[in-house]
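Have it open beside you as you read.

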Amino acid sequence: MSNLKSHAIYSALRERILSNDIAPGTRLVMRDVANQYEASDIPVREALRMLERDGLVETVPYRGATVTTLTAKEVEETYFIRSHLESIATGLAAERITDAELAQLDDLMTKMRAAVDAQDGPAFSDVNREFHRTIVAGCGNDQLRELVMDIWQRHSGFQRVFRMVPERVAMSQAEHEGIMAALHDRDAERAARLALLHKLSVRDSVSTLVEP
């Protein structure tokens, strides 16, 4: 029961942080959170630990848990790494992608188009992650895949962009269309180049969320 409660609290806080309902820099006092969600300290502590794993919360000595604040340095460094790693992975995937994997990606594209039409940032964010995860998983290089997944996990706060920059959703989907066409053509060079440009474009949008 405690595990279910901790995941429920984690999911609720995660969405509130990503939508900026809980602002960066906000202290998350364990007892206050426990009272709000009618829980004991144990599931709250576990929920905060999961949020810290996602990079959404940081634990500060003598202050407890605080919602992380994006910095320009963090955005620049992370997207420098992400853009190049995911570009390599996408190029490798284009060389070996199967018809079944293409069909799976086409299905995800349909879902993302629907989210764009509905202007549903959270839904788009979830399917977007699955779209890129599927491509990276198909690259054939386990260490590369693990590196990319680890970076995603530790920087989940960047997903705020799909809630807080509405135009980013349609921009991302337009970029996905180009990547998808390159994958269908098994054009590794074009797929890698478009993936790189896509990540750099997302970086520019995320940068607008950084406090001056």
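The numbered points below go from the whole fold to single residues.

1. A word on the basis: this is a predicted model, in which local features need pLDDT of at least 70 and side-chain atom pairs count only at pLDDT 80 or more, while totals for chains, interfaces and linings use all residues. Numbering starts from 1 along each chain as its sequence is written, and side-chain values use heavy atoms, with hydrogens and water left out.

2. You will find ten helices and three strands in the protein; these are DSSP runs numbered from the N terminus, H or I of at least four residues for helices and E of at least two for strands. Their order along the sequence is α-β-α-α-β-β-α-α-α-α-α-α-α. With a radius of gyration of 18 Å, close to the 17 Å of the globule rule for 212 residues, the protein is as compact as a globular protein of that length. That radius is taken over C-alpha atoms, and the rule is 2.2 Å times the number of residues to the power 0.38. The C-alpha trace spans about 55 × 40 × 35 Å along its principal axes.

3. Of the 212 residues, 44% are buried. Here buried means under 20% relative accessible area, exposed over 50%, and partly exposed in between, with a 1.4 Å probe and protein chains only. Among contacts (heavy atoms within 4.5 Å) with a separation of 6 or more, 75% join residues 24 or more positions apart.

4. Do look at the aromatic rings: the structure holds two aromatic pairs. One of them is formed by Tyr79 and Phe158, and it is tilted, at 5.2 Å centre to centre with 35° between the planes. Tyr79 sits in helix α4 (residues 72–96) and Phe158 in the loop between α7 (142–154) and α8 (161–164), so the pair links parts of the chain 79 residues apart. Both Tyr79 and Phe158 are buried. Rings of Phe, Tyr and Trp (its six-membered ring) pair if their centres lie within 6.5 Å; planes under 30 degrees apart count as stacked, over 60 as edge-to-face and the rest as tilted.

5. Gln119, in the loop between α5 (99–117) and α6 (121–137), has a positive phi near 50° without being a glycine, and Gln119 is exposed at 74% relative accessible area. Arg186, in the loop between α9 (167–184) and α10 (188–207), also is not a glycine and has a positive phi of about 55°; Arg186 is partly exposed at 37%.
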